[in-house]
Amino acid sequence: MRRRLVALRRLAAAALLGAAAACGFAQEAPAPGFGVMLHFLPDKQSVAAESAALDVEALAAALARMRASYLILTLGQNNGQFIAPNAALEALCPASVRHRAPRDLPLEIGRALQRRGIALVLYLPFRAPQEDAYLMDCLGDVSEQKPPPARFTAAWAEVVRHWSAHYGPLVRGWWFDGTYNTEGMSPERWAALCAAARSGGTERWLAFNPGEGPARFSRRAAPCQNLMAGEFMQPPAPASLSALLDRRPGELMFHLLTPLGASWAQPTAPRFSAAQLRDWIAEAQARGGLFTLDMPLDAGLRFLPAHVALVRSATAARP
């Protein structure tokens, strides 16, 4: 009986691998600690067309080919356009519904990634969309360089809570950008926002980004933060990281984030070699942390083939 069970398990495993291959899924294991950030930020005029044109399965398959273990995906940023509906936002700011694409891309992407063993991390600014006057006024926010009003943080917590609970176990974490000014944020206000981010998943990674560079990439900007924001345009070689990390609070997981192109979401030639990427990925793995490359899409909403080939080389198992 025991031999028969072992044989059945082997047959089941082979069937699963065959099904994965038939669907185009990667059979190679993701590289632990390596992931991709995607700035998918259509504007109000193009969000419907771009959302409809994005091939979710092709996107997920490309991430699997690069052996990414997670994707950081922008829900939106400063232009006021988001790539998914949010009932809480639309109740607070009814006119915002005019610019919502009907497709729930994070839900589709999260499911496609889950089938491939890839985690989803959601990106959202810490503040209201700075270029959308209607949403700034409706949500009660001011410039991100000024302290956040209590009315705004209460409203934003409701928006975050809706997405957080809606996506539930599909979401591994949150990466909040633009945490530049937290003056006046009481423990109660932080608790509300942090609880909103954990709605649907209490063990999530939470990163709050206070800015780029050696003085900020490892700073703890929020009480519930457990992951370094990691933003570094010109990250140093791994051998030079230790001195910079002396200031890192011990409870924060290591994270280094940098664009592969000339800047964020720029479809240019890669700035790094495969050897450099391998060294940073190995450093992140050794520290039990993450190394993230921001990678752009081309006009066809696909990752650049040269970028994919480079990353595949960097994440390949060494002989």
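This is a short exchange on how some terms apply to this predicted model.

Modeller: In this predicted model, local features need pLDDT of at least 70 and side-chain atom pairs count only at pLDDT 80 or more, while totals for chains, interfaces and linings use all residues. Residues are numbered from 1 along each chain as its sequence is written, and side-chain values use heavy atoms, with hydrogens and water left out.

Colleague: Why is the Phe126 and Phe208 pair called edge-to-face?

Modeller: Rings of Phe, Tyr and Trp (its six-membered ring) pair if their centres lie within 6.5 Å; planes under 30 degrees apart count as stacked, over 60 as edge-to-face and the rest as tilted. Phe126 and Phe208 are 6.4 Å apart centre to centre, with 80 degrees between the planes, so the pair is edge-to-face.

Colleague: What makes this pair a link between distant parts of the chain?

Modeller: Phe126 is in the loop between β3 and α6, and Phe208 is in strand β5 (residues 205-208), 82 residues apart. Strands are DSSP runs of E, at least two residues, and helices are runs of H or I, at least four. Phe126 and Phe208 are both buried, that is, under 20% relative accessible area with a 1.4 Å probe, protein chains only.

Colleague: How do you know that the span of helix α7 agrees with its number of residues?

Modeller: The expected span is 1.5 Å times one less than the number of residues. For the 18 residues of α7 (residues 150-167) that gives 26 Å, and the end C-alpha atoms are 26 Å apart, so the two agree. Gly168, with a positive phi near 45 degrees, follows α7. Buried residues of α7 include Phe152, Trp156 and Trp163.

Key: Buried < 20%, exposed > 50% of the residue type's maximum accessible area, 1.4 Å probe, protein only.
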